[in-house]
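Subject: Structure handover

Hello,

Here is the structure you were waiting for. My notes on one hairpin, its sheet and the domain contact follow below.

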Amino acid sequence: MNMINLRPRADAFSSAPTNYRNYVDGAFVDGGTEWIDVSNPATGTLLGRIPDSDASVVDAAVAAARRAQPAWEKLPAIERANYLRKISAKIREHRLELADIIIREQGKVRGLAQVEVDFTADYIDYMAEWARRIEGEVLTSDRPNETMLLLRKPVGVVAGILPWNFPFFLIARKMAPALVTGNTIVIKPSEETPINAYVFAELLAETDLPAGVFNLVGGHGRVSGEALASHPGIDLITFTGSVATGSHIMQLAGKNLTKVNLELGGKAPAIVLADADLDLAAKAIFDSRVINTGQVCNCAERVYVERSVHDALVAKLKVHFEATRYGDPSVEADLHMGPLVNKAGLDKVAHAVETARSQGATVLLGGKIADKGQGLHYEPTIITGATAEMDIMKRETFGPVLPIQAVDSLDEAIALANDSDYGLTSSIYTSNLNAAMRASRELKFGETYINRENFEAMQGFHAGRRKSGIGGADGKHGLYEFTVTHAVYIQS
Ligand code: NAD
């Protein structure tokens with residue numbers, strides 16, 4: 001293995017692009033002969049290269065994680081938590097530099113990139129706090145002189161396969177609950193946005209975390225991702241990404257009967273009733289639709305508004321959308337949106353709008369690729385006259401496009417919202433408590449937001465129904481996804 005000494009540099013992107021190395025068994029190592037270029041989606045500038053790792057590197061990473069796991073599990077949980085706190089401290093020390101990397105490789109606006117970095121450090125600390133609260137159960141036996149225990153133990157070795165839209169936070173969402181519960185982990189970042197993960201590994205390497213507990217292997221999904229998902233040495237695959245890839249990973253995992261945790265796409269409905277505070281609803285839906293340039297699994301992707309307030313809501317939304325500031329976040333401050341992450345994402349958004357137009361919807365605002373040089377920008381877009389049959393109301397758009405459908409009642413809105421392949425998040429705007437409570441009873445989604453934008457809390461449970469996923473993340477229930485139970489019967 002080829003050891004090199006890499007340090008993140010604040011000026012990393014103004015000097016010659018860096019070739020990053022995988023982090024396996026506590027050392028920085030090569031990943032085969034191929035490299036993947038990583039560019040800034042706002043400018044097309046090459047930022048660096050990561051290894052397009054082959055299966056042998058994945059094998060080495062899994063073997064390292066397996067070797068490290070028994071000793072890691074034996075440590076008291078509070079000691080594992082102390083290592084996590086050292087990692088979160090490193091993140092805080094480098095918070096500006098890490099945000100800068102996310103801005104440049106993902107196109108996130110500065111404010112949100114900083115929120116992502118700071119939230120990640122807080123999330124790691126939050127998971128560390130669980131160390132003294134991981135609990136089993138004492139059960140009542142049917143036999144005399146018997147004590148029954150239900151122990152809670154780590155799964156073993158976890159594979160974390162990440163998307164590009166919150167690339168840095170997703171490292172923590174996989175790593176922190178895995179490590180505090182006694183697992184070791186191999187992370188594969190998205191090939192679109194891997195540099196933040198490589199710099200994270202460099203920071204983590206400065207702590208005294210035992211070798212093999214955290215490993216990082218980069219590359220294309222078809223090679224390193226598949227090698228991980230089909231590896232018999234993996235005990236849990238926790239994947240965040242698209243439905244198609246999630247389904248494929250589940251098939252690969254099926255060969256070894258490996259447990260999967262899948263956080264997949266969404267098509268979040270926002271229901272606006274006639275009694276809603278329309279200013280609040282318009283602002284919250286706008287924020288939810290343009291955050292991260294519309295590339296969030298729980299963004300408001302479709303609106304159902306009661307007909308009597310349809311025009312008023314649309315007028316208010318239009319004011320917000322017209323005032324959207326978007327551009328290159330690496331040089332412009334105070335933007336709502338950056339570029340789409342890649343050309344395929346931009347083309348997908350453009351195609352979705354063209355399809356909506358051809359299926360009879362009205363493009364009220366925007367509706368085309370923005371004229372902004374090399375940047376992959378799409379105009380903030382409002383679509384009215386949408387109907388349930390249109391693709392724009394069914395498929396995840398993942399861009400700044402808001403389709404709106406008028407409805408006649410809460411019943412109709414709930415029925416349309418539920419009639420979806422996706423079941424991740426939903427929202428309702430109303431001043432009627434009964435309507436809000438009815439919606440939270442009848443909406444078949446993992447989350448419902450009432451009179452606020454969609455954004456989950458670390459102590460909640462982020463879990464999708466239907467094709468939005470299996471299992472969930474965050475809070476106590478997310479933590480326990482990384483554990484197995486072990487029933488013990490004691491005759492004494
Ligand atoms: P993606 O499925 O294209 O890629 C995700 C990861 O899977 C990447 O690391 C990729 O390299 C890897 N991969 C691709 N093909 C693979 C294969 N054949 N085998 C193994 N791994 C493979 O998803 P994306 O475009 O990076 O992310 C966007 C999607 O993620 C959206 O659908 C979004 O809704 C979803 N998402 C969901 C959540 C959630 O919490 N539910 C959060 C963020 C993003």
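In the hairpin of β6 and β7, N145 has a positive phi near 55°. The hairpin has 6 residues between its strands. Strands here are DSSP runs of E with at least two residues, helices are runs of H or I with at least four residues, and both are numbered from the N terminus.

Before the rest, a note on the source: this is a predicted model, in which local features need pLDDT of at least 70 and side-chain atom pairs count only at pLDDT 80 or more, while totals for chains, interfaces and linings use all residues. Residues are numbered from 1 along each chain as its sequence is written, and side-chain values use heavy atoms, with hydrogens and water left out.

The sheet

β6 pairs with β7 (residues 146-154) in the antiparallel sense over 3 bridges; two strands count as paired if DSSP finds at least two bridges between them. L139 is placed opposite M148 of β7. On β7 there is also an antiparallel pairing with β25, over 9 bridges, where R152 is opposite T485 of β25.

Together, 3 strands make an open antiparallel sheet in the order β6-β7-β25. β6 (137-139) and β25 (483-491) are at the edges with a single partner strand each, so one side of each has no neighbour in the sheet. Neighbouring strands are turned by 25° against each other on average, direction ignored; the axes are lines fitted to C-alpha atoms, and angles run from 0 to 180 degrees between N-to-C directions.

The two domains

The domain assignment gives domain 1 (12-264 + 469-491) and domain 2 (268-457); such bounds come from an automatic or database assignment. Their C-alpha centres lie 31 Å apart.

In contact (heavy atoms within 4.5 Å) are 21 residues of domain 1 and 24 residues of domain 2. The two domains bury about 1900 Å² between them, 60% of it on carbon and sulfur atoms. Buried area is the accessible area (1.4 Å probe) lost when two parts are put together, summed over both. P41, V109 and W164 supply 25% of the area that domain 1 buries against domain 2, more than any other three residues.

Between the domains there is 1 salt bridge, meaning a side-chain nitrogen of Lys or Arg within 4 Å of a carboxyl oxygen of Asp or Glu. The side chains of R173 and E456 form a salt bridge at 2.7 Å, N to O.

Regards
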